[in-house]
Amino acid sequence: MLIRPTGFVDSPFGHDGKVARLAGGLNWFSAVEAIEWDGSRRVSTELVSVERLYETIDNMPPDAQAAWDRLTATRQPLQLGDRTIRLDQPQVMGILNVTPDSFSDGGQFADPSSAVEAGVRMASQGAGILDVGGESTRPGASQVWAQDEIERVRPVVERLATSGAAVSIDTRKSEVMSAALQSGARLVNDVSALTFDPRSAETVAAASAPVILMHHLGPPETMQQDPRYDDVLVEVYLWLEERIAAAEAAGIDRSRILIDPGFGFGKTVAHNLELMNGLALFHSFGCPIVVGASRKRTIGALSNEAPADHRLGGSIAFALKAVEQGAQILRVHDVPETVQALRIWRGLRDQALTPRLG
Ligand code: 9MG
(Lines give C-alpha, C1' and ligand atoms only; values in the text may rest on other atoms or scores of the structure.)
Protein backbone atom coordinates (compact mmCIF):
# COMPACT_ATOMS: atom_id res chain seq x y z
CA MET A 1 0.00 0.00 0.00
CA LEU A 2 1.24 3.51 -0.85
CA ILE A 3 0.17 6.44 1.29
CA ARG A 4 -0.03 9.99 0.02
CA PRO A 5 -0.53 12.78 2.57
CA THR A 6 -3.32 15.17 1.70
CA GLY A 7 -5.72 17.54 3.47
CA PHE A 8 -3.02 19.99 4.56
CA VAL A 9 -4.06 22.27 7.43
CA ASP A 10 -2.79 25.69 8.48
CA SER A 11 -2.10 24.80 12.07
CA PRO A 12 -2.01 21.71 14.29
CA PHE A 13 -3.47 23.59 17.28
CA GLY A 14 -6.80 22.25 18.44
CA HIS A 15 -6.46 19.17 16.21
CA ASP A 16 -4.69 16.73 18.55
CA GLY A 17 -4.80 13.21 17.16
CA LYS A 18 -6.33 14.44 13.91
CA VAL A 19 -3.28 15.77 12.11
CA ALA A 20 0.30 14.61 11.59
CA ARG A 21 3.49 16.52 10.85
CA LEU A 22 5.02 15.89 7.45
CA ALA A 23 8.69 14.88 7.46
CA GLY A 24 9.43 16.98 10.56
CA GLY A 25 8.83 20.11 8.50
CA LEU A 26 6.41 23.01 8.57
CA ASN A 27 3.38 21.21 7.13
CA TRP A 28 0.61 19.24 8.85
CA PHE A 29 -1.88 16.98 7.08
CA SER A 30 -5.23 15.56 8.11
CA ALA A 31 -5.70 12.60 5.73
CA VAL A 32 -3.90 10.22 3.43
CA GLU A 33 -4.85 8.65 0.15
CA ALA A 34 -4.25 4.93 0.66
CA ILE A 35 -3.33 3.52 -2.74
CA GLU A 36 -3.57 -0.25 -3.24
CA TRP A 37 -1.53 -1.50 -6.14
CA ASP A 38 -1.07 -4.96 -7.59
CA GLY A 39 2.67 -4.85 -8.09
CA SER A 40 2.70 -2.41 -10.95
CA ARG A 41 -0.52 -0.43 -11.02
CA ARG A 42 -3.21 1.13 -8.84
CA VAL A 43 -6.14 -1.10 -7.90
CA SER A 44 -7.98 1.25 -5.57
CA THR A 45 -7.67 4.55 -3.74
CA GLU A 46 -9.26 5.33 -0.39
CA LEU A 47 -9.23 8.56 1.60
CA VAL A 48 -8.38 7.80 5.23
CA SER A 49 -8.34 10.44 7.96
CA VAL A 50 -5.22 10.71 10.10
CA GLU A 51 -7.46 10.11 13.12
CA ARG A 52 -8.59 6.77 11.71
CA LEU A 53 -5.09 5.94 10.59
CA TYR A 54 -3.79 6.35 14.17
CA GLU A 55 -6.49 3.89 15.27
CA THR A 56 -5.73 1.28 12.62
CA ILE A 57 -2.00 1.64 11.91
CA ASP A 58 -1.06 -1.40 14.04
CA ASN A 59 -3.28 -3.60 11.87
CA MET A 60 -2.04 -2.22 8.57
CA PRO A 61 0.40 -4.09 6.29
CA PRO A 62 4.07 -3.71 7.33
CA ASP A 63 4.91 -1.72 4.17
CA ALA A 64 2.23 0.84 5.05
CA GLN A 65 3.48 1.06 8.65
CA ALA A 66 7.05 1.60 7.44
CA ALA A 67 5.86 4.23 4.96
CA TRP A 68 3.96 6.00 7.74
CA ASP A 69 7.01 6.04 10.01
CA ARG A 70 9.15 7.48 7.21
CA LEU A 71 6.52 10.05 6.20
CA THR A 72 6.43 11.54 9.63
CA ALA A 73 10.09 11.15 10.68
CA THR A 74 12.26 14.25 11.00
CA ARG A 75 14.77 14.64 8.19
CA GLN A 76 18.34 15.00 9.40
CA PRO A 77 20.28 18.01 8.08
CA LEU A 78 22.42 17.46 5.02
CA GLN A 79 26.10 17.85 5.86
CA LEU A 80 27.94 19.20 2.80
CA GLY A 81 31.53 19.67 3.94
CA ASP A 82 31.48 22.48 6.50
CA ARG A 83 27.97 23.50 5.52
CA THR A 84 24.93 22.17 7.31
CA ILE A 85 21.78 22.33 5.22
CA ARG A 86 18.68 22.15 7.40
CA LEU A 87 15.91 20.08 5.90
CA ASP A 88 13.11 21.05 8.27
CA GLN A 89 12.53 24.08 6.03
CA PRO A 90 12.79 24.54 2.26
CA GLN A 91 16.16 25.27 0.70
CA VAL A 92 17.12 26.77 -2.63
CA MET A 93 19.64 25.19 -4.99
CA GLY A 94 20.88 27.60 -7.67
CA ILE A 95 21.41 26.30 -11.20
CA LEU A 96 24.81 26.94 -12.79
CA ASN A 97 25.22 25.34 -16.19
CA VAL A 98 28.70 25.80 -17.62
CA THR A 99 27.84 24.94 -21.19
CA PRO A 100 28.66 26.65 -24.46
CA ASP A 101 25.09 26.15 -25.79
CA SER A 102 23.17 29.27 -26.59
CA PHE A 103 22.21 31.29 -23.53
CA SER A 104 18.58 30.24 -23.55
CA ASP A 105 17.35 29.51 -20.07
CA GLY A 106 19.24 31.98 -17.93
CA GLY A 107 21.10 29.30 -16.02
CA GLN A 108 23.87 28.95 -18.56
CA PHE A 109 27.37 30.42 -18.48
CA ALA A 110 29.80 30.07 -21.34
CA ASP A 111 32.96 30.59 -19.27
CA PRO A 112 34.08 29.62 -15.76
CA SER A 113 34.58 33.18 -14.51
CA SER A 114 31.02 34.27 -15.23
CA ALA A 115 29.72 31.02 -13.72
CA VAL A 116 31.74 31.60 -10.52
CA GLU A 117 30.57 35.20 -10.34
CA ALA A 118 26.95 34.12 -10.76
CA GLY A 119 27.42 31.35 -8.18
CA VAL A 120 28.85 33.72 -5.58
CA ARG A 121 25.93 36.07 -6.24
CA MET A 122 23.38 33.24 -5.90
CA ALA A 123 24.93 32.18 -2.59
CA SER A 124 24.74 35.76 -1.29
CA GLN A 125 21.10 35.90 -2.42
CA GLY A 126 20.20 32.86 -0.34
CA ALA A 127 20.97 29.73 -2.36
CA GLY A 128 22.08 27.09 0.15
CA ILE A 129 23.50 24.84 -2.59
CA LEU A 130 24.97 25.60 -6.03
CA ASP A 131 24.40 22.92 -8.67
CA VAL A 132 27.20 23.02 -11.24
CA GLY A 133 26.70 21.14 -14.53
CA GLY A 134 28.74 20.87 -17.72
CA GLU A 135 26.35 18.90 -19.92
CA SER A 136 22.90 19.98 -21.00
CA THR A 137 20.25 17.35 -20.30
CA ARG A 138 17.46 19.27 -21.99
CA PRO A 139 15.29 17.25 -24.39
CA GLY A 140 17.23 16.62 -27.57
CA ALA A 141 20.59 17.78 -26.15
CA SER A 142 23.64 15.88 -27.36
CA GLN A 143 26.21 14.18 -25.15
CA VAL A 144 29.53 15.65 -24.01
CA TRP A 145 32.78 13.69 -23.53
CA ALA A 146 33.70 13.19 -19.86
CA GLN A 147 37.03 15.03 -20.23
CA ASP A 148 35.36 18.07 -21.83
CA GLU A 149 32.78 18.08 -19.07
CA ILE A 150 35.51 17.91 -16.41
CA GLU A 151 37.35 20.83 -18.00
CA ARG A 152 34.17 22.91 -17.90
CA VAL A 153 33.09 22.19 -14.35
CA ARG A 154 36.34 21.68 -12.39
CA PRO A 155 37.47 25.34 -12.18
CA VAL A 156 33.97 26.45 -11.23
CA VAL A 157 33.54 23.79 -8.55
CA GLU A 158 37.01 24.50 -7.16
CA ARG A 159 36.53 28.26 -6.90
CA LEU A 160 33.00 28.09 -5.50
CA ALA A 161 33.97 25.45 -2.94
CA THR A 162 36.95 27.57 -1.91
CA SER A 163 34.62 30.53 -1.45
CA GLY A 164 32.74 28.44 1.14
CA ALA A 165 29.70 27.49 -0.95
CA ALA A 166 28.05 24.07 -0.75
CA VAL A 167 28.53 22.73 -4.27
CA SER A 168 26.65 19.96 -5.99
CA ILE A 169 27.83 18.36 -9.24
CA ASP A 170 25.18 17.76 -11.88
CA THR A 171 26.50 14.86 -13.95
CA ARG A 172 25.76 11.31 -15.08
CA LYS A 173 29.42 10.30 -15.44
CA SER A 174 31.61 8.69 -12.78
CA GLU A 175 34.81 10.40 -13.97
CA VAL A 176 33.12 13.80 -13.68
CA MET A 177 31.74 12.88 -10.25
CA SER A 178 35.22 11.88 -9.05
CA ALA A 179 36.91 15.00 -10.43
CA ALA A 180 34.25 17.31 -8.98
CA LEU A 181 34.24 15.59 -5.58
CA GLN A 182 38.03 15.92 -5.45
CA SER A 183 37.67 19.61 -6.34
CA GLY A 184 35.28 20.33 -3.47
CA ALA A 185 31.79 19.31 -4.61
CA ARG A 186 29.92 17.61 -1.77
CA LEU A 187 26.73 16.34 -3.42
CA VAL A 188 26.09 14.43 -6.65
CA ASN A 189 23.01 15.30 -8.72
CA ASP A 190 22.53 12.50 -11.23
CA VAL A 191 19.50 12.88 -13.53
CA SER A 192 20.00 9.25 -14.56
CA ALA A 193 19.73 8.06 -10.92
CA LEU A 194 23.06 6.19 -11.30
CA THR A 195 21.86 4.24 -14.37
CA PHE A 196 23.93 5.99 -17.06
CA ASP A 197 27.40 4.96 -15.96
CA PRO A 198 27.92 1.52 -14.39
CA ARG A 199 30.73 2.93 -12.21
CA SER A 200 28.77 5.85 -10.79
CA ALA A 201 27.19 4.03 -7.82
CA GLU A 202 30.56 2.73 -6.58
CA THR A 203 32.08 6.20 -7.07
CA VAL A 204 29.39 7.83 -4.93
CA ALA A 205 29.59 5.04 -2.33
CA ALA A 206 33.40 5.24 -2.10
CA ALA A 207 33.26 9.00 -1.58
CA SER A 208 30.46 8.67 1.03
CA ALA A 209 28.78 11.50 -0.85
CA PRO A 210 25.06 12.20 -0.77
CA VAL A 211 23.32 11.72 -4.11
CA ILE A 212 20.14 12.91 -5.79
CA LEU A 213 18.41 10.10 -7.67
CA MET A 214 16.12 11.58 -10.31
CA HIS A 215 13.41 9.78 -12.25
CA HIS A 216 13.53 9.87 -16.04
CA LEU A 217 12.00 7.84 -18.83
CA GLY A 218 14.53 7.19 -21.57
CA PRO A 219 17.67 9.18 -22.45
CA PRO A 220 17.53 12.98 -22.87
CA GLU A 221 17.89 12.59 -26.65
CA THR A 222 14.50 10.87 -26.98
CA MET A 223 12.71 11.16 -23.64
CA GLN A 224 10.09 13.62 -24.84
CA GLN A 225 9.03 11.50 -27.81
CA ASP A 226 5.58 10.34 -26.70
CA PRO A 227 6.27 9.38 -23.07
CA ARG A 228 3.55 7.07 -21.68
CA TYR A 229 2.51 5.80 -18.26
CA ASP A 230 -0.61 3.99 -17.06
CA ASP A 231 -0.31 5.77 -13.72
CA VAL A 232 2.53 8.26 -13.63
CA LEU A 233 2.54 8.81 -9.85
CA VAL A 234 2.66 5.12 -8.94
CA GLU A 235 5.13 4.25 -11.71
CA VAL A 236 7.57 7.02 -10.82
CA TYR A 237 7.28 5.98 -7.16
CA LEU A 238 8.02 2.33 -7.91
CA TRP A 239 10.92 3.22 -10.20
CA LEU A 240 12.49 5.42 -7.51
CA GLU A 241 11.96 2.66 -4.95
CA GLU A 242 14.03 0.33 -7.17
CA ARG A 243 16.74 2.92 -7.67
CA ILE A 244 16.97 3.56 -3.91
CA ALA A 245 17.31 -0.20 -3.35
CA ALA A 246 20.02 -0.41 -6.04
CA ALA A 247 21.92 2.50 -4.51
CA GLU A 248 21.73 0.93 -1.05
CA ALA A 249 22.93 -2.38 -2.47
CA ALA A 250 25.93 -0.54 -3.93
CA GLY A 251 26.84 0.75 -0.46
CA ILE A 252 25.17 4.16 -0.42
CA ASP A 253 23.51 4.69 2.92
CA ARG A 254 19.83 5.65 2.70
CA SER A 255 20.55 8.68 4.86
CA ARG A 256 22.63 10.00 1.95
CA ILE A 257 19.93 9.55 -0.71
CA LEU A 258 17.72 12.39 -1.97
CA ILE A 259 15.01 11.77 -4.54
CA ASP A 260 13.52 13.80 -7.37
CA PRO A 261 10.49 12.94 -9.55
CA GLY A 262 12.23 14.47 -12.57
CA PHE A 263 9.81 17.06 -13.92
CA GLY A 264 10.07 17.19 -17.69
CA PHE A 265 12.24 14.11 -18.02
CA GLY A 266 10.09 11.83 -20.17
CA LYS A 267 6.80 13.43 -19.13
CA THR A 268 3.98 15.27 -20.84
CA VAL A 269 2.43 18.41 -19.38
CA ALA A 270 -0.35 16.24 -17.89
CA HIS A 271 2.23 13.89 -16.32
CA ASN A 272 4.12 16.82 -14.77
CA LEU A 273 0.94 18.30 -13.31
CA GLU A 274 -0.17 14.97 -11.86
CA LEU A 275 3.27 14.45 -10.30
CA MET A 276 3.27 17.92 -8.78
CA ASN A 277 -0.23 17.44 -7.34
CA GLY A 278 0.82 14.09 -5.86
CA LEU A 279 4.31 15.10 -4.76
CA ALA A 280 3.80 14.39 -1.04
CA LEU A 281 3.59 10.66 -1.81
CA PHE A 282 7.37 10.63 -2.24
CA HIS A 283 7.95 11.49 1.43
CA SER A 284 7.20 7.88 2.28
CA PHE A 285 10.73 6.99 1.13
CA GLY A 286 12.02 8.98 4.11
CA CYS A 287 14.44 10.77 1.77
CA PRO A 288 14.55 14.53 1.16
CA ILE A 289 12.65 15.59 -1.98
CA VAL A 290 14.33 17.75 -4.62
CA VAL A 291 12.11 19.53 -7.15
CA GLY A 292 13.29 21.06 -10.41
CA ALA A 293 10.39 22.71 -12.20
CA SER A 294 12.05 26.08 -12.75
CA ARG A 295 11.42 27.53 -16.24
CA LYS A 296 10.41 24.11 -17.58
CA ARG A 297 8.32 23.58 -20.68
CA THR A 298 5.12 22.82 -18.79
CA ILE A 299 5.10 26.47 -17.69
CA GLY A 300 5.41 27.60 -21.30
CA ALA A 301 2.69 25.17 -22.34
CA LEU A 302 0.28 26.63 -19.76
CA SER A 303 1.15 30.26 -20.51
CA ASN A 304 0.81 30.85 -24.24
CA GLU A 305 4.23 29.34 -24.97
CA ALA A 306 6.07 31.94 -22.90
CA PRO A 307 9.81 31.60 -23.65
CA ALA A 308 12.12 30.17 -20.97
CA ASP A 309 13.22 33.59 -19.71
CA HIS A 310 9.58 34.66 -19.21
CA ARG A 311 8.58 31.83 -16.91
CA LEU A 312 9.31 33.34 -13.50
CA GLY A 313 5.68 33.47 -12.36
CA GLY A 314 5.10 29.83 -13.29
CA SER A 315 8.37 28.79 -11.65
CA ILE A 316 7.35 30.47 -8.38
CA ALA A 317 3.87 28.91 -8.58
CA PHE A 318 5.43 25.44 -8.90
CA ALA A 319 7.95 26.19 -6.13
CA LEU A 320 5.16 27.15 -3.72
CA LYS A 321 3.07 24.13 -4.68
CA ALA A 322 6.11 21.95 -3.94
CA VAL A 323 6.87 23.48 -0.53
CA GLU A 324 3.20 23.28 0.45
CA GLN A 325 3.75 19.54 0.11
CA GLY A 326 6.97 19.55 2.09
CA ALA A 327 9.59 19.51 -0.70
CA GLN A 328 12.94 20.23 0.94
CA ILE A 329 15.08 21.48 -1.97
CA LEU A 330 14.05 23.62 -4.94
CA ARG A 331 16.42 23.64 -7.90
CA VAL A 332 15.92 27.05 -9.52
CA HIS A 333 17.32 29.61 -11.94
CA ASP A 334 15.78 32.67 -10.24
CA VAL A 335 17.36 32.58 -6.80
CA PRO A 336 16.44 35.99 -5.26
CA GLU A 337 12.84 35.81 -6.47
CA THR A 338 12.40 32.25 -5.17
CA VAL A 339 14.06 33.12 -1.85
CA GLN A 340 11.68 36.07 -1.48
CA ALA A 341 8.64 33.88 -2.24
CA LEU A 342 9.85 31.35 0.35
CA ARG A 343 10.31 34.08 2.95
CA ILE A 344 6.69 35.13 2.52
CA TRP A 345 5.61 31.49 2.65
CA ARG A 346 7.69 31.02 5.78
CA GLY A 347 6.18 34.12 7.41
CA LEU A 348 2.71 32.73 6.76
CA ARG A 349 3.67 29.33 8.18
CA ASP A 350 5.29 30.87 11.28
CA GLN A 351 2.18 32.96 11.93
CA ALA A 352 -0.07 29.92 11.60
CA LEU A 353 2.22 27.88 13.85
CA THR A 354 2.42 30.45 16.64
CA PRO A 355 0.10 29.41 19.46
CA ARG A 356 -2.49 32.02 20.43
CA LEU A 357 -2.27 33.12 24.03
CA GLY A 358 -5.37 33.31 26.25
C1 9MG B 1 20.09 18.79 -14.07
N2 9MG B 1 18.65 18.89 -13.94
C3 9MG B 1 17.79 19.42 -14.85
N4 9MG B 1 16.54 19.34 -14.39
C5 9MG B 1 16.61 18.76 -13.16
C6 9MG B 1 15.66 18.40 -12.20
O7 9MG B 1 14.37 18.58 -12.40
N8 9MG B 1 16.09 17.83 -11.06
C9 9MG B 1 17.41 17.60 -10.85
N10 9MG B 1 17.76 17.01 -9.68
N11 9MG B 1 18.36 17.92 -11.74
C12 9MG B 1 17.96 18.48 -12.87
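Is P219 buried, partly exposed or exposed? With a relative accessibility of 41%, P219 counts as partly exposed, where buried means under 20% relative accessible area, exposed over 50%, and partly exposed in between (1.4 Å probe, protein chains only). This is a predicted model, in which local features need pLDDT of at least 70 and side-chain atom pairs count only at pLDDT 80 or more, while totals for chains, interfaces and linings use all residues. Residues are numbered from 1 along each chain as its sequence is written, and side-chain values use heavy atoms, with hydrogens and water left out.

P219 sits in the loop between β11 (211–214) and α7; helices (H or I, at least four residues) and strands (E, at least two) are DSSP runs, numbered from the N terminus. Between P219 and D350 there are 131 residues in sequence and 42 Å in space, C-alpha to C-alpha.

| Helix pair | Angle | Axis separation |
|---|---|---|
| α4 (residues 146–162) and α5 (residues 174–182) | about 20° | 9 Å |
| α10 (residues 312–324) and α11 (residues 335–352) | about 40° | 10 Å |

The axes are lines fitted to C-alpha atoms, for helices over the stretch in contact, and angles run from 0 to 180 degrees between N-to-C directions. Angles under 35 degrees count as roughly parallel, over 145 as roughly antiparallel, 65 to 115 as roughly perpendicular and the rest as oblique. On that scale, α4 and α5 are roughly parallel to each other. From α4, the residues A146, E149, I150, V153, R154 and V157 make the contact, and from α5 it is E175, V176, A179 and A180; contact means heavy atoms within 4.5 Å. By class, this contact of α4 with α5 has seven nonpolar, no polar and three charged residues. For these classes, Ala, Val, Leu, Ile, Met, Phe, Trp, Tyr, Cys and Pro count as nonpolar, Asp, Glu, Lys and Arg as charged, and the others, Gly among them, as polar.

Turning to the other pair, α10 and α11 are oblique to each other. L312, I316, A319, L320, V323 and E324 of α10 meet E337, T338, A341, L342 and W345 of α11. The residues in the contact of α10 with α11 comprise eight nonpolar, one polar and two charged.

**Nonpolar cores**

A nonpolar core is a set of buried Ala, Val, Leu, Ile, Met, Phe, Trp, Tyr and Cys residues joined through side-chain atoms within 4.5 Å. The largest one has 77 residues, and F282 and V291 have the most contacts inside it. Helix α7 (residues 232–249) supplies the largest share of this core, nine residues. Leaving aside residues up to four places away in sequence, V291 touches D260, F263, M276, L279, A322, A327, I329, L330 and R331. Another core, of 17 residues, lies apart from it and includes I3, A20, A23 and A67.

**A few residues to look up**

A23 belongs to the loop between β2 (20–21) and β3 (28–37). Its phi is positive, about 55°, although A23 is not a glycine, and A23 is buried at a relative accessible area of 3%. A193, in the loop between β10 (187–190) and α6 (200–207), also has a positive phi, near 55°, in a residue other than glycine. A193 is buried, with a relative accessible area of 0%.

Finally, V9 lies in strand β1 (residues 2–9) and is partly exposed, at 22% relative accessible area. V9 touches V19, W28, S30 and R349, not counting residues up to four places away in sequence.
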